Amino acid sequence: MNDSSWGAPAGSGYWGPDQGPAPAGPAYDGLQAAQTRPMPIVPDVPAGDHQDDHDRGAAQPSGPLFRDETPNEHPQEPMSSPSQPAAPQKKSAGRDLGAAIGVGVGLGAVIVASLFIWKAAFVGVIAVAVVVGLWELTSRLQERKDIRAPLVPLAVGGAAMVVAGYVRGAEGAWVAMALTALAVLVWRMTERPEGYLKDVTAGVFAAFYVPFLATFVALMLTADDGAERVLTFLLLTVVSDTGAYAIGWRFGKHKLAPRISPGKTREGLVGAVTFAMAAGALCMEFLIDGGAWWQGLLLGLAVAASATLGDLGESMIKRDLGIKDMGTLLPGHGGIMDRLDSLLPTAPVVWLLLVLFVGTT
């Protein structure tokens with residue numbers, strides 16, 4: 001190993017710059033041979049580390065030539081090597097996919113059967129989902145924030161809201177919403193005044209968030225092709241969620257909203273938009289009377305946006321409450337509210353666009 005390999009400038013020796021022709025002779029040759037031997041490689045030892053040779057083993061040279069040498073004394077601490085990259089960790093879905101698929105198929109069968117066999121039965125399915133969702137939401141609010149939104153007027157008013165929307169249309173839904181809010185205010189008066197404002201505020205919010213938004217599904221059902229409209233709404237929302245999950249799980253790298261939902265990625269959003277637009281074009285072309293494929297593209301884009309915002313909105317609520325799921329009723333899914341999070345805000349969007357595209361009948 002010559003001097004330049006240790007950082008010395010060319011043309012200089014250990015003693016400094018050259019001062020002229022080197023002296024010759026046997027004595028000098030011996031001295032030169034002793035001074036130009038390769039310098040021993042001494043491993044860097046951190047300051048303060050005074051383990052003896054028995055604990056550490058013989059000193060090993062450092063550098064690229066010795067990366068394959070692994071001490072035998074400590075096999076639990078293997079040295080990293082570019083030639084032996086760490087095994088990649090297998091991605092996990094984070095939930096029991098078998099149970100999730102089974103529950104999803106079962107719910108889908110109940111929904112489709114009630115939707116196409118007897119519309120009134122589907123209205124009952126909506127009402128049951130609303131009541132269970134309200135129970136989950138109010139229970140978590142009480143457990144985590146000591147907010148006591150009155151469940152009884154919410155459950156009765158929520159079910160009445162859905163039925164009124166199906167029977168009397170949008171006007172009936174608004175009247176039922178107003179009466180439900182009034183019932184929440186009055187019901188809470190029977191208890192202590194402390195916390196009244198936060199309790200009734202949470203109650204009115206729950207009435208709007210769950211049953212009122214769900215009423216737009218009942219409004220879609222009143223059209224002549226109401227079953228097809230509701231099916232389109234459900235398919236697009238599910239396809240959007242599925243596209244976001246599949247693409248985000250496989251290709252997701254850039255976080256969409258890390259402070260709200262760290263698992264969501266921009267790549268997943270692209271998947272949601274792509275899948276929903278394709279499904280929307282097919283649904284508008286083959287399911288909706290008078291629909292066109294280009295309307296389906298717009299509908300799919302809107303569904304992907306509203307479903308994502310709805311998912312983020314409930315994630316914000318759950319993060320504020322410090323919980324992962326709203327409930328445990330549905331294995332592999334969480335609670336009813338964990339399935340309604342993207343459906344609820346999407347319902348008025350789909351109802352409005354279908355009214356604009358093909359009318360109310």
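Reader: Where is L134 found in this predicted model?
Author: L134 is found in helix α4, residues 119–145.

Reader: Why is L134 called buried?
Author: Its relative accessibility is 0%. Buried means under 20%, so L134 counts as buried.

Reader: Which residues does L134 touch, leaving out those up to four places away in sequence?
Author: L134 touches L151, L154, A155, A206, V210 and P211. V152 is 18 residues from L134 along the chain, and their C-alpha atoms are separated by 9.8 Å.

Reader: How do you know that T180 is buried?
Author: T180 has a relative accessible area of 3%. The cut-off is under 20%, so T180 is buried. T180 has its place in helix α5, residues 151–188. Beyond four places in sequence, its contacts include P153, L154, G157 and A207.

Reader: What shows a kink in α5?
Author: The kink is about 150°, centred on R168.

Reader: What makes D146 partly exposed?
Author: D146 has 37% relative accessibility. D146 lies in the loop between α4 and α5. Its phi is near 55°, a positive value in a residue other than glycine.

Reader: Why is the pair W294 and F357 called edge-to-face?
Author: The ring centres are 6.2 Å apart, and pairing needs them within 6.5 Å. The planes stand at 70°, and over 60 counts as edge-to-face. So the pair is edge-to-face.

Reader: What does this pair tie together?
Author: W294 lies in helix α9 and F357 in helix α11, so the pair ties together parts that are 63 residues apart in sequence. W294 is partly exposed at 44%. F357 is partly exposed at 22%.

Reader: Which residues do ring pairs link into a cluster?
Author: The cluster holds W174, F208, F212, F216 and W351. The whole structure has six aromatic pairs.

Reader: Which residues touch the most other members of the largest nonpolar core?
Author: They are V217, M220, V230, F233 and L299, in a core of 59 residues. Helix α6, residues 196–221, gives the most to this core, with 15 residues. Contacts of V230 beyond four places in sequence include L115, F122 and V217.

Conventions: Residues are numbered from 1 along each chain as its sequence is written. This is a predicted model: local features need pLDDT of at least 70, side-chain atom pairs count only at pLDDT 80 or more; totals for chains, interfaces and linings use all residues. Side-chain values use heavy atoms; hydrogens and water are left out. Helices (H or I, at least four residues) and strands (E, at least two) are DSSP runs, numbered from the N terminus. Buried means under 20% relative accessible area, exposed over 50%, partly exposed in between (1.4 Å probe, protein chains only). Contact means heavy atoms within 4.5 Å. A nonpolar core is a set of buried Ala, Val, Leu, Ile, Met, Phe, Trp, Tyr and Cys residues joined through side-chain atoms within 4.5 Å. The bend at a residue is the angle between axes fitted to the seven residues ending there and the seven starting there. Rings of Phe, Tyr and Trp (its six-membered ring) pair if their centres lie within 6.5 Å; planes under 30 degrees apart count as stacked, over 60 as edge-to-face and the rest as tilted.
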